[in-house]
Amino acid sequence: MEKQKLSAFFVTPIGAERSSERERSDRVLENVLRPVLDPDYDIIRADHVTSIGSINHDIIERIVGSDLVIADLTGTNANVMYEIGIRHAFNLPIVQLAQKDQRLPFDLGTERTIFFDLQDIRDVEAVKLKILATVKTARSEQYLEPAQRTLGLSAIHRNDKSVAEAIETLSEKLEELED
């Protein structure tokens, strides 16, 4: 019996056909991610989805519903930033990648990011091992996205319940929306 693959969604600037963004995205997907994740994950990128209907609906569903999200922050694409924010809102882990020397926005720059040079074959081979180790860690550890880490720590250190109560209220509202 074949083992069921986990789902992985690759959040990346896609760009137009033959654009530098599309070329990078294709190369990262085919030469870095698939060789590392393929045995265990069915990895997909938004432009490879063949369903009908709303593209945004499908992307958001995959961002929230995938077992793993890998985000390429190269170019600091606005759509990628928005999609990372959605994943964070649901307190789900993200493996962040970026081209070496990419300057990241402060809020995402404080999160662990795997930097590599796609043009350097040695760097590409080394990054595959880093990605594999990061994915294993992400699957085995409890993840808290940046806002929850911060709010949780501030509530503990301030000994006040206002933050904890706000989180509880938000959780209740989220459950209402889900129903």
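Mentor: Start with a rule: two strands count as paired if DSSP finds at least two bridges between them. Keep in mind that this is a predicted model. Our part is strand β4, residues 94-99.

Look at its neighbours. On one side of the pairing list is β3: four bridges join it to β4, and the two strands run parallel. One of the pairs is Ile70 with Val95 of β4. Now follow the chain from β3 to β4. It passes through helix α3, residues 78-89, and this β-α-β crossover is right-handed. The other partner is β5. Again four bridges make the link, and again β4 and β5 run parallel. Here Gln99 has Phe116 of β5 as its bridge partner.

Six of the six residues of β4 are buried. A residue counts as buried when its relative accessible area is under 20%. In a regular strand, side chains alternate between the two faces of the sheet. So check each face of β4 in turn. Ile94, Gln96 and Ala98 lie on one side, Val95, Leu97 and Gln99 on the other, and all are buried.

Zoom in on Leu97. Setting aside residues up to four places away in sequence, Leu97 touches Val28, Leu33, Ile70 and Ile131, among others. Its contacts also include Thr113, Ile114 and Phe116.

Leu97 also belongs to the largest nonpolar core, which has 21 residues. Leu97 is among those with the most contacts inside this core, along with Val32, Leu33, Leu37, Ile70 and Ile131. Several elements give two or more residues to the core: β1, α1, β2, β3, β4, β5 and α5. Helix α1 supplies the largest share, six residues. Apart from this core lies another, of 17 residues, and Ile94 is one of them, as are Val11, Val49 and Val69.

So what is α1 like? Its buried residues include Val28, Leu29, Val32 and Leu33. The buried residues of α1 pack against β4, and also against β1, β2, β3, β5 and α5. The helix has 18 residues, 20-37, and at 1.5 Å a residue it should span 26 Å; its end C-alpha atoms are 24 Å apart, which agrees. There is also a kink of about 35° in α1, centred on Leu29.

Definitions and conventions: Residues numbered from 1 in each chain as written. Predicted model: local features only at pLDDT ≥ 70, side-chain atom pairs only at ≥ 80, totals over all residues. Heavy atoms only, no water. Expected span 1.5 Å × (residues − 1). Bend = angle between axes of the 7 residues up to and from the residue. Buried < 20%, exposed > 50% of the residue type's maximum accessible area, 1.4 Å probe, protein only. Contact = heavy atoms within 4.5 Å. Right-handed = clockwise from strand over helix to strand, strands pointing away. Core = buried A, V, L, I, M, F, W, Y, C linked by side-chain atoms within 4.5 Å.
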